[in-house]
Amino acid sequence: MIYKNWMSYIKDDVKLTSLVIPGAHNAGSYGMNKMAECQKDNLFTQFEYGIRQFCLRLNTNKKGEILLAHGMSKGDYFENALKDIKKMIDTNDSEILLLDIREYQPQKFGPIELHYKADPKVVDEMLNNYIQPEKYAYCDFDSIKDVTIGDIRKSGKRYILINYDEEYKYSKTCECILPWDKKINGAKAVNFTNQTLKFFDEYQTDGLYWFQTQQTPNPGTEIGLTNPYKLDQDLRNYFEKLIKGIADTPRYLEKANIIAGDFMTYDYMKSRAILKLNLLKKNVVEELEKEYEEGLS
């Protein structure tokens with residue numbers, strides 16, 4: 001199996017925005033309550049399953065400690081997530097990570113607006129202590145659309161630290177689109193599968209195309225308010241059909257980039273289906289295509 005080092009099979013001239021990358025939606029929500037948990041395992045286990053894009057949202061507890069967050073739910077210490085990322089860096093030097101790290105965005109519930117806080121100075125210090133952005137963060141670019149895998153490899157860097165306000169040293173704002181629609185993302189599994197691919201026609205970007213493959217529980221939608229694990233168990237029956245819809249439609253395949261989902265470590269099915277798209281896009285070194293395909297089996 002090649003999930004731990006699949007990027008070593010990718011050509012140098014492949015643009016980061018053309019590479020198909022498995023992502024973890026709310027990667028830091030493992031261990032939270034069932035209404036907030038979108039992943040079952042820690043970041044390093046996600047990495048071992050092929051995940052290279054990590055969505056991490058932060059909040060602070062009463063002791064002033066930075067925690068992983070999903071809305072009002074608080075989870076593991078951010079420190080533990082950083083230890084996992086350091087382990088990724090130390091384990092395999094062929095892999096490049098996209099770390100989307102920021103304070104959890106404000107939420108509005110009727111007249112009430114909730115705000116979450118993670119002091120950038122404290123976060124910056126933690127980043128420096130654990131994953132050494134000065135040494136490992138790739139930020140020598142003006143536009144993410146111009147970055148190739150070879151550019152990052154030649155630099156010796158290991159990750160891009162994405163933060164839209166560039167709140168942290170060596171963080172970058174990257175053009176990115178994340179299509180979402182309350183009705184579509186709140187549809188039952190079969191309807192979600194049939195409707196969500198139209199996002200590829202409706203949304204355009206020269207930057208990172210962050211395609212979400214999970215439903216979003218919300219009052220007033222088909223699925224209503226339920227827990228992500230229950231939704232995922234049903235949606236898994238349609239997941240390969242969803243990815244096949246991308247594979248069979250050239251204009252969708254061309255745009256395919258970050259494909260994220262819930263419970264990415266339940267088994268290898270999701271990562272396998274996503275990573276096979278790199279073969280169709282001719283992103284894999286030609287002499288290694290057979291080994292790459294067999295390694296995903």
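How many bridges join S3 to strand S4 (residues 73–77)? Three bridges join these antiparallel strands; strands are DSSP runs of E with at least two residues, numbered from the N terminus, and two of them pair if DSSP finds at least two bridges between them. The model is predicted, so local features need pLDDT of at least 70 and side-chain atom pairs pLDDT 80 or more, while totals for chains, interfaces and linings use all residues. Residues are numbered from 1 along each chain as its sequence is written, and side-chain values use heavy atoms, without hydrogens and water.

S3 and S4 form a hairpin with two residues between them, and Gly71 in the turn has a positive phi of about 60 degrees. His70 stands opposite Ser73 in S4. S3 is also joined to strand S2 (residues 53–60) by three bridges, again antiparallel, with Leu58 opposite Leu68.

In a regular strand the side chains alternate between the two faces of the sheet. Ile66, Leu68 and His70 point one way from S3, and Leu67 and Ala69 the other way. Five of the five residues of S3 (residues 66–70) are buried, so the strand is largely enclosed by the rest of the structure; buried means under 20% relative accessible area with a 1.4 Å probe, protein chains only.

The largest nonpolar core has 59 residues, and Phe54, Phe78, Ile85 and Ile246 have the most contacts inside it. Such a core is a set of buried Ala, Val, Leu, Ile, Met, Phe, Trp, Tyr and Cys residues joined through side-chain atoms within 4.5 Å. A second, separate core of 31 residues includes Ile2, Ile21, Trp210 and Leu279.

Note on methods: Buried < 20%, exposed > 50% of the residue type's maximum accessible area, 1.4 Å probe, protein only. Helix = DSSP H or I, 4+ residues; strand = E, 2+ residues; numbered from the N terminus.
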